[in-house]
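Have the model open beside you as you read.

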Amino acid sequence: ESSAFLVRDGVIVAIGIQDQISAPRDAARVDLTGKTVIPTLVNLHGHVGFQQGLTYDSDNYTRENIIDHLDRYAYYGVGVIVSLGTDVGELWTDIQRSQQAGTLGGTRLFTAGRGLAAPNAGPGAAALRPSAYGVTNEEQGRQLVRTLAALNVAFIKIWVDDRGGTVEKLDPMFYRAIIDESHKLGLQVIAHVFYHADAEDLVKAGVDGFAHLVRDREMDDTLVAAIAEHDIFVMPNLGISERGRHVTTPNWLNETALKESVSSAVLSRASLAFAQRSPQTAERADNSYRMMERSIAKLVAADAPLVLGSDSGVQDHFYGFSAHRELELMVAAGLTAHEAIVTATSQSADRLGLNQTGRLHEGTRADFLVLNANPLDDITNTRDISGVYLNGIEIDRSALRNNWTANP
């Protein structure tokens, strides 16, 4: 209450109670009376470049389309996005250089480059699957890690999943070599995982993070304790699984906040997908999701580290907006609103080594969300956005919104 902060050159240089902050005479003053300010979100799991309108294809992976996606993240107050393992080539390095040089704004892009999996066994979506390197032996895995390290990737991503028996699973000897080589080079390894047994072995192998919860069974106490003991971070990715519970259009698909960045044609396509799902499929998804919620409760009780990862950028899992849905679902699973916000800001930033992001105090980047209502009262207030500031500059949300409306 009655707070104020001073921003200079994109950095918070003073923060506290209004009558304790002394601003230069020529300072621009922004009145946020009645508003709530939180740090911008840090999303450690997304995919950029593939969706464009009603199409979802690798041909859409262009500089222009990636920048559009970064603008969509920024619109919803996501200050950092990690594209996790589906970035072929070096286009992303060009975008990073532009951002570091200050010639390109928007949400800051980090990536894992190309992820590692068994041959033809990477991401589930057909458009994404070829982006993963196929690993066939230990030395190849080590060499690919060295190649990625030379590109300054943020993480090493691996897929350890047989997609219900339809593809080969990455060999444990191979992922052990990948994890070992990554650690030698100072890189953290994030594993896409599905099966409880694989998660157990990955913990023993020294994995640093999980890109999903275990989904074949509820996580047992031994696995949860091992995750907490070894400080392995977990991004629940609840939203991507929660979608499967619905056979009718969920309320969030009709929210004004979503319609501001997504065309009616895309929303109609998404709505139809829910209507085409059988009740039996939805019931199985609901049972699986309730199991995931119980796993979350165990992780929270064990003080295991959670981070934000929404898997945004898979088809019709929307850039930016899905991060706010993830917050809502984490609270429904048992986190307090405050815990969810910390998970999605400073805790996620810390895993990227960004100690000047995801928090608001002297010396941090002036990346923040201005909200019309307090999310500690209702977590869905994080998407009631009055303004977004990145590096101390307010982004023009109205211009972005008008452009998307004019060019759906």
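The lining of the largest pocket divides into 23 nonpolar, 10 polar and 6 charged residues. This is a predicted model, so please read the values below as computed from it. The largest pocket holds about 1,500 Å³ of space. A total of 39 residues line the largest pocket, and those closest to its centre are S3, A4, F5, L32 and V37. Two or more lining residues come from each of β1 (3-8), β2 (11-17), β3 (36-39) and α12 (337-351). Of these elements, β1 gives the most to the pocket lining, with 6 residues.

How many cavities of 30 Å³ or more does a search of the whole structure find? The search finds 2. Here are the volumes side by side:

| Space | Volume |
|---|---|
| Largest pocket | about 1,500 Å³ |
| Largest cavity | about 70 Å³ |
| Second largest cavity | about 30 Å³ |

Around the largest cavity you will find G239, E242, R243, W252, H317, F318, F321, S322 and R325. At least two of the lining residues come from α7 (238-242), and at least two from α11 (321-332). The biggest share is from α11, with 3 residues. By class, this lining has 3 nonpolar, 3 polar and 3 charged residues.

What classes of residue line the second largest cavity? There the lining has 9 nonpolar residues, 1 polar and no charged. To find this cavity on your screen, look for V193, A199, F210, H212, L213, V214, M219, L223, I227 and V234, which line it.

Terms used: Residues numbered from 1 in each chain as written. Predicted model: local features only at pLDDT ≥ 70, side-chain atom pairs only at ≥ 80, totals over all residues. Heavy atoms only, no water. 1 Å grid on protein atoms, 1.4 Å probe; cavity = no way out; pocket = protein on both sides within 12 Å on 5 of 7 lines; lining within 4 Å. Points joined across faces, edges and corners; volume = space filled by probe spheres on them. Helix = DSSP H or I, 4+ residues; strand = E, 2+ residues; numbered from the N terminus. Nonpolar A, V, L, I, M, F, W, Y, C, P; charged D, E, K, R; others polar.
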